[in-house]
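Here's a quick tour of a few local features, with the cut-offs spelled out as we go. Have the viewer open and follow along.

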Amino acid sequence: MDFKKFKAATVQTSPVFLDVEKTIEKAIDFIKEASQNGATLIAFPEVFVAGYPYWNWIMTPVQGSKWYEKLYKCSVKTDDESMKPLFQAAKDFNIHIVIGINERGNSYGEIYNTNLIIDNNGKLIGKHRKLVPTWAEKLTWSSGDGSSLKVYDTEVGPIGTLACGENTNTLARFTLLSQGELVHIANYISLPVAPPDYNMAEAIKIRAAAHSFEGKLFTIVSCSTISKEIMNAMKDDVPDIEELLTRKNSAFSGFIGPNGAVIGEPLIDDEGIIYANIDLEKCIQPKQMHDILGHYNRFDIFDLRVNTAPTRKITFIDNHEEFNKK
């Protein structure tokens with residue numbers, strides 16, 4: 001096996017709220033900058049295209065309903081015309097991209113929290129739909145299925161991804177590890193509305209460190225921020241929105257090594273782009289101590305089964321035809 005060495009970038013910033021085209025333009029600016037600085041992989045936040053449903057946390061469901069409709073109208077499918085510049089940028093700048101989108105489903109009003117994995121040839125090689133929306137997010141997103149719990153071979157190594165709270169799901173994480181994941185992208189949103197004793201930045205770091213230490217791999221974290229533009233958009237509905245959505249230690253972006261330690265200086269709350277040199281050979285030696293995919297497990301005792309079949313919403317049966325066959 002060829003263990004890759006490469007430079008990775010991760011972004012901590014806000015989207016252009018509910019504006020797909022301008023958010024894609026903003027993403028491409030970061031992609032260009034990362035490529036010019038030698039990065040061949042860049043990670044973007046959860047549902048970066050083009051915004052997170054904060055109204056679910058600070059409005060009643062009835063008040064937030066009009067915002068849900070706005071979000072659906074700016075949700076995207078991967079083959080939309082507005083998405084083409086993003087794929088072209090991956091090719092033009094020879095860089096792999098993992099980015100979150102609000103993905104439009106086939107039923108009107110159906111939205112998925114989806115991460116896209118785009119290779120350096122500008123090809124969509126995979127997408128992961130968040131398995132279970134977290135807490136208030138259930139007012140907005142549909143649940144994904146096991147068909148998207150996959151690891152993708154790329155020129156920089158085997159990449160897997162989970163969105164925000166599902167990085168807490170031990171079985172989902174183990175499913176990715178079992179497929180040879182060596183580079184894990186965990187993307188998040190800033191959550192200043194968490195309970196007062198909940199340090200969001202620290203919680204993000206703990207989850208990333210747990211996955212890296214248990215699986216002996218690299219985790220790249222990308223988290224969004226909440227811009228003044230986002231708060232101003234909802235201020236008429238929530239006059240005290242600044243008080244509700246401004247809180248320190250709400251965002252963490254950075255890199256975690258196979259030993260569970262942070263690489264370099266992470267971004268906490270501040271916007272920006274940071275880099276790390278990744279050497280996948282460093283994933284080997286720690287396995288001698290704890291290989292939960294091999295000698296440090298008991299598969300005669302534990303048996304994890306994962307349903308990877310896509311969800312089928314309807315099955316049509318022609319009873320008349322079946323009768324004739326008989």
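In strand 5, Leu-124 is the bridge partner of Ile-118. Strand 4 (residues 111–118) and strand 5 (residues 124–129) pair in the antiparallel sense over five bridges; pairing takes at least two DSSP bridges. Their hairpin has five residues between the strands, and Gly-122 takes a positive phi near 80° there. Strands (E, at least two residues) and helices (H or I, at least four) are DSSP runs numbered from the N terminus.

A word on provenance: this is a predicted model, where local features need pLDDT of at least 70, side-chain atom pairs count only at pLDDT 80 or more, and totals for chains, interfaces and linings use all residues. Residues are numbered from 1 along each chain as its sequence is written, and side-chain values use heavy atoms, leaving out hydrogens and water.

Now for Lys-130, in the loop between strand 5 and strand 6 (152–154). Is Lys-130 buried or exposed? Lys-130 counts as buried because its relative accessibility is 2% (buried is under 20% relative accessible area, exposed over 50%, partly exposed in between, with a 1.4 Å probe and protein chains only). Its side chain makes these polar contacts, meaning N or O pairs within 3.5 Å, one able to donate a hydrogen and the other to accept it, with sequence-adjacent residues counting only if both atoms are side-chain atoms:

| Side chain | Partner side chain | Distance |
|---|---|---|
| Lys-130 | Thr-134 | 3.3 Å |
| Lys-130 | Glu-137 | 2.8 Å |

Leaving aside neighbours within four places in sequence, Lys-130 is in contact with residues including Glu-46, Asn-113, Cys-164 and Glu-166; contact means heavy atoms within 4.5 Å.
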